[in-house]
Amino acid sequence: MPTTRDVQIAISAADVLRRNGLRFGGRLNPRVRDLVPDLLRVVETEDLLQPAIAYREWQVAAAEGTVMRLANGARIEGAPRLVEQLADATSMLAVAGTLGPRLDAHVSRLFAERQPMRALVLEEIGILAVAKLGDAIRDLLDEEAKARGQECSSPMSPGETGFAMATQPTVVALAGGEEIGITLSASGAMMPVKSLSMVLGVGEDMPRWAAWQICAGCAARERCRYRLVPQDEAVT
Ligand code: SF4
């Protein structure tokens, strides 16, 4: 299965300061503003981000109702949105990506040392880095599909509306996540925590959507601090 650790994740202080997760009552604490460049330096000097991606393409045998059936006999069940969006896909890419365990370990250490604000800002940097990892995965797979004269759809992740969280073990196994050190807890949560899994369709005229459109259909949108709105992102 293809794996790569050749992934560049660039995060600027401006990227971090735009995050809703660092605003309380809509306002940015001046101490947070000072901490961001300092913690970005820590990320760099202590090599806290160690991104890795594993992925594999599988032929689609049938997509009906809530089940995507693959040519190897695997079934992704509880996925009506996947079936609907990838109805015309000839194959699908299962992907797992991680930033490794170092950033989470550093966040835990900061909490243990009673430095909660540093810990929270570093955690926010990690959440942003996972989003950037998702963007890097999409760019990599787009490029590879284009080189073969095909297209990728936008990605879908287990846990999104119409794609049950219970599918995550299947998606991670199909991607070969264990080859980059990803394991799953009994509840299906990924370890390291700063990891993600996703599925993309491959074929002609694959559907694309912006990430804010996922948030627009999410049951948690009213209480979610990370909800994206149209001005956050243009459809690609
Ligand atoms: S609203 Fe929040 S929980 Fe729902 S998809 Fe968007 S970021 Fe995820």
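The structure is a predicted model, in which local features need pLDDT of at least 70 and side-chain atom pairs count only at pLDDT 80 or more, while totals for chains, interfaces and linings use all residues. Residues are numbered from 1 along each chain as its sequence is written.

We can begin with the overall fold. The chain holds seven helices and eleven strands; these are DSSP runs numbered from the N terminus, with helices being H or I of at least four residues and strands being E of at least two. For 236 residues, a compact globule would have a radius of gyration near 18 Å, and the chain agrees, with 18 Å. This radius is taken over C-alpha atoms, and the globule rule is 2.2 Å times the number of residues to the power 0.38. Along the principal axes, the C-alpha atoms fill a box of roughly 55 × 35 × 35 Å. Of the contacts between residues at least 6 apart in sequence, 72% join residues at least 24 apart, where a contact means that the C-beta atoms, placed from the backbone, lie within 7 Å. Buried residues account for 32% of the 236 residues. A residue is buried if 20 or more other C-beta atoms lie within 10 Å of its own, exposed if 12 or fewer, and partly exposed in between, with C-beta atoms placed from the backbone.

Helix α5 comes next. Buried residues of α5 include V121, L122, I125, L133, I137 and L141. After the helix comes G149, with a positive phi near 75°.

The largest nonpolar core has 54 residues, of which L93 and V95 touch the most other members. Among the elements that each supply at least two residues of this core are α2 (30–45), β4 (52–64), β7 (91–98), α5 and β11 (195–203). Helix α5 gives the most, with eight residues. Such a core is a set of buried Ala, Val, Leu, Ile, Met, Phe, Trp, Tyr and Cys residues joined through C-beta atoms within 7 Å. Leaving aside residues up to four places away in sequence, L93 touches Y55, E57, L141, C152, V199, L200 and V202.

Some backbone details deserve a look. Most residues other than glycine have a negative phi, and most peptide bonds are trans. R114, in the loop between α4 and α5, has a positive phi near 55°, and counts as exposed because it has 8 C-beta neighbours inside 10 Å. D205, in the loop between β11 and α7 (211–216), has a positive phi near 50°. The peptide bond from M191 to P192 is cis, with omega near -5°.

Finally, the residues around the ligand are I214, C215, C218, A220, R221, C224, Y226 and R227, each with its C-beta atom, placed from the backbone, within 6 Å of the ligand. T161 touches C218, along with R81, G217 and A219, not counting residues up to four places away in sequence. The C-alpha atoms of T161 and C215 are separated by 9.0 Å, although the two are 54 residues apart along the chain.

Key
Two residues are in contact if their C-beta atoms, placed from the backbone, lie within 7 Å.
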